[in-house]
Amino acid sequence: MLVTRRAFIQKSGVVAGLATVGGNLPVIARAAAAAKGRGAAAAANYVKSTCVHCVQFCGISVKMENGIIRTIYPDQARGDYYNKGICPKGVAGGFNTYNPYRVKAPMKRTNPEKGVNEDPRWVEISWDEAFDAIAARLNKIKKEDPRKLIWQHGHGKYLIGDKFPKAFAKAFGTPNLVHRTTVCEAARHVADEVTWGYHGFLPDVSHCKMLLNFGGNYLEGGQWGRWLDHSTADAKERGLKIVVVEPRLSHCAAKADEWIPVRPGKDVVLMLGMAKVLIDKGLIDEAFLTTTTNAPDLVGEDGNVLSTADGKPLVYDSVSKSAKPFTAGVMPTLRGTYTVNGKPYKTAFELFVESLKDITPAYVETVADVPAATVERLATEFGEAATIGATITLDGHVLRHRPVAIYTFRGLAAKQFGVQNWRTGLILQMLVGCVDAVGGINLHSVYKSPKYLKPSKAEYPPKRVDLQTSVYFPHATHNVAQQVALTLLDPQAYGLEYTPEMQIFYATNRPFSASEGWKQVDGMKPTFNVVIDIVMSEAAWMADIVLPDLTYLESWHFSPTRYTPTTKHSAIRQPVANVYNLPHDAYSILWELAKRVGVRDKYIENVNKAWGLKKHPMEPGRDYTAREAVELIWLEKTKDKKPFAYALEHGFLGKKLKVEDTYLKGVEKQFKGPDKPKMYFYAEQLVGSYANVKKAVEKNGIKNIDLAAYKIALSPLPLKEHAFPTPHVEATDFPLYLITYKRMYRNQGGNTALNPILNALGDTDENWVAINSATAKSLGIADRGQVVIETRVGKVQGMARLSQGIRPDTVAVSYHYGQWSGGMPASARKGIWINSVLELHPDVVSGMNSFNDTKCKVYKA
């Protein structure tokens, strides 16, 4: 049966009027009526589970009556470990499950042309027909070259866990499994990794006295938001001062003690200026810097650290007055220039101090538009609040007490120099010694992967289609989501030795969610595409076959959770309904495909490895239901402490950490003292990585790498040059900075755009151009008037909203509106697709998408 664009919407149960707030209510009403007809009303029961509407992973309690989802509450028991409340998306999650616009059967494209304005002319097919068609292509590719298959997921990682797709990709033989982290916060992760050997941090809010938040939007989006919201509110009651540094008066800035509206992209200069003030005033923790970081390491004129033949870095020993490895009895010198074997060397810290020579508060004011007096005051207050040298006793342990911290998410990361931006924040915290101190910044799994402190091999030709860890993105350890489409448009330009033929997208909306979005759309045209999703997203609109999926309220998973500095917990997600009686979800789809391409046992083997199933492994020769898999993983991960029946009743198992777990197993254990590796104040491996990039470029005649730009990006220390991304330098005819942000009501996957409750909360069904009132007046722009945003890569039109809460030289647009899929109703397509006009200049260190570097013009439509 042929299903056109309009017919798809009608077939989904959509009739006139369903785009209003009551759009989904008839479906619920019919289900409730059917249940009532089966007998007397049953008492309400509550099911404990985990919300996966976003990546907060909040504990929820779902109220059920006669098999109908009535209400979703926060799980009060989870409040002691993570979330005390849930956001509007979580509360309204039931409406996504009863959504009449959901994909309810496999669909096959009959129009070979693909594009935004092309009608796919869908034909509904059976599951067997869909599996046959997909397996036929997979078997052909597996026989010819398994690398020609690409698996992409985004939110799918959290719906069934990325370990199942990774196991499938390994069993099949493709290296091309790509997650979305570079359109999220990858640069922040990589900055952590090249500094202390893993990633993840949180402020120790319960003991913190001053928190600097550089654009972290935890009161709306971001990770850990449902912990940071209540924990920071509680901390403010006992005196925590919060300073928010960002160009827009966000919810976090509005609730802060101080808002500093820095010029977009110039945060790095502000932090470097603060570092200079701290050093000039002697507000630094020399003991921490000399015993725990590599700041004392001796560095030659070539940028390399002076080392012994077996690779041990040398410091200048103040006792013997000579260069030695930091062993017992050696007292490293923090500053100075020394001659070793006739050659001059400076300590890494000395190089940093010299690099700050011209970054005075006055210079910061010129570049970042933060008054010099504010720079000096903020740095001084931060340094004094750190109480350098102080200790505190907790549970009998005498611990460093440095109650200051810096937090960020996309605010520093989503930029061309995202790694260097957050590296600056880490260095600022190393200066005052608040890393893993009581009240400071708490690191997660310190030194878990020492390989991150080694130079990248900068491989060429690249093995992967996203160019991860290749010469193009030498430290991109979290895939490069937006690069896949660009490589597919010209594989040979990047030296790829094969041409991919097929992509499987699971719960990710890549063509909608990356900068220069039109190129992402074009990147789906060369391949045969299978999309697994609950709605007809933009990715689905570009597919050849679309497979329906179950929602998070209909499916099983050993759920990801969020730790805090003092807690951790294991959790499950369990189904409470199957509204449209779908026989498959992504989990079972993977099993079916593994069988049809003859790799089921190899898939099982890799599942066991990925999940670490040793005591409770999956056995070869049989299938496992999602429930069976979750039970095995639960027993393995909780070490049989509680039976699976406990998980079904409570939904999670929590643990409160001991003081030593929080404060003594990180940098204190891994880095402090002689004969230990060190936290990288000076990222020496980046020097080696650049050398390997340069070698590969010259050896292979690579034309699409600018070595001068790579040398700046791969600097071992942050530089003032990192405050000048490409559009800020080149787009001189575009006077305004364009930044993006996230609102609580939407995600980019598209399913929240169809939620009638979320769309009816008031100004939640559409985004707008936030523009300063004075700027708007000068341009003749009225509040709620239509305006055009023009950048070097395109134009979009939308509504203007005038505000005093944004810099006069900046406009801001939330980035998850303006859906264009023909499979969505008009109510979901309102707003501005801002990603389509954002310039893409990815951070070459990490591969991070540069969402906040574009310059633009704004004028009346």
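Helix α22 is followed by G598, whose phi is positive, near 75°. Helices here are DSSP runs of H or I with at least four residues, strands are runs of E with at least two, and both are numbered from the N terminus. The model is predicted, so local features need pLDDT of at least 70 and side-chain atom pairs count only at pLDDT 80 or more, while totals for chains, interfaces and linings use all residues. Residues are numbered from 1 along each chain as its sequence is written, and side-chain values use heavy atoms, with hydrogens and water left out.

Buried means under 20% relative accessible area, exposed means over 50%, and partly exposed lies in between (1.4 Å probe, protein chains only). Among the buried residues of α22 are Y587, W591 and E592.

The whole chain has 31 helices and 33 strands. Of its 861 residues, 64% count as buried. The C-alpha atoms fill a box of roughly 85 × 70 × 60 Å, taken along the principal axes. For 861 residues a compact globule would have a radius of gyration near 29 Å, and the 27 Å of this chain agrees with that. The radius is taken over C-alpha atoms, and the globule rule is 2.2 Å times the number of residues to the power 0.38.

G216, in the loop between β10 (210–214) and α9 (225–237), is buried at 0% relative accessibility. G216 and G411 are 195 residues apart in sequence, but their C-alpha atoms are 5.7 Å apart in space.

Side chains of opposite charge can pair when their charged atoms come close. The structure holds 53 salt bridges, each being a side-chain nitrogen of Lys or Arg within 4 Å of a carboxyl oxygen of Asp or Glu. One of them pairs K148 with E501, with the closest N and O atoms 3.3 Å apart. This pair links distant parts of the chain: K148 is in the loop between α5 (127–144) and β7 (149–153), E501 is in the loop between α18 and β22 (502–506), and the two are 353 residues apart. K148 is buried at 16%, whereas E501 is partly exposed at 27%. In another bridge, R464 and D466 have their closest N and O atoms 2.9 Å apart. Both partners are buried, R464 at 12% and D466 at 0%. Salt bridges that share partners also join D128, D132, E592, K595, R596, R600 and D623 into one network.

Most residues other than glycine have a negative phi, and most peptide bonds are trans. A cis peptide bond joins Y460 and P461, with omega about 0°, and P461 lies in the loop between β21 (441–443) and α18 (483–489). N479 is in the loop between β21 and α18 and has a positive phi near 65°; N479 is buried at 11% relative accessible area. D763, with a positive phi near 60°, lies in the loop between β28 (736–741) and β29 (769–772). D763 is partly exposed at 33%.
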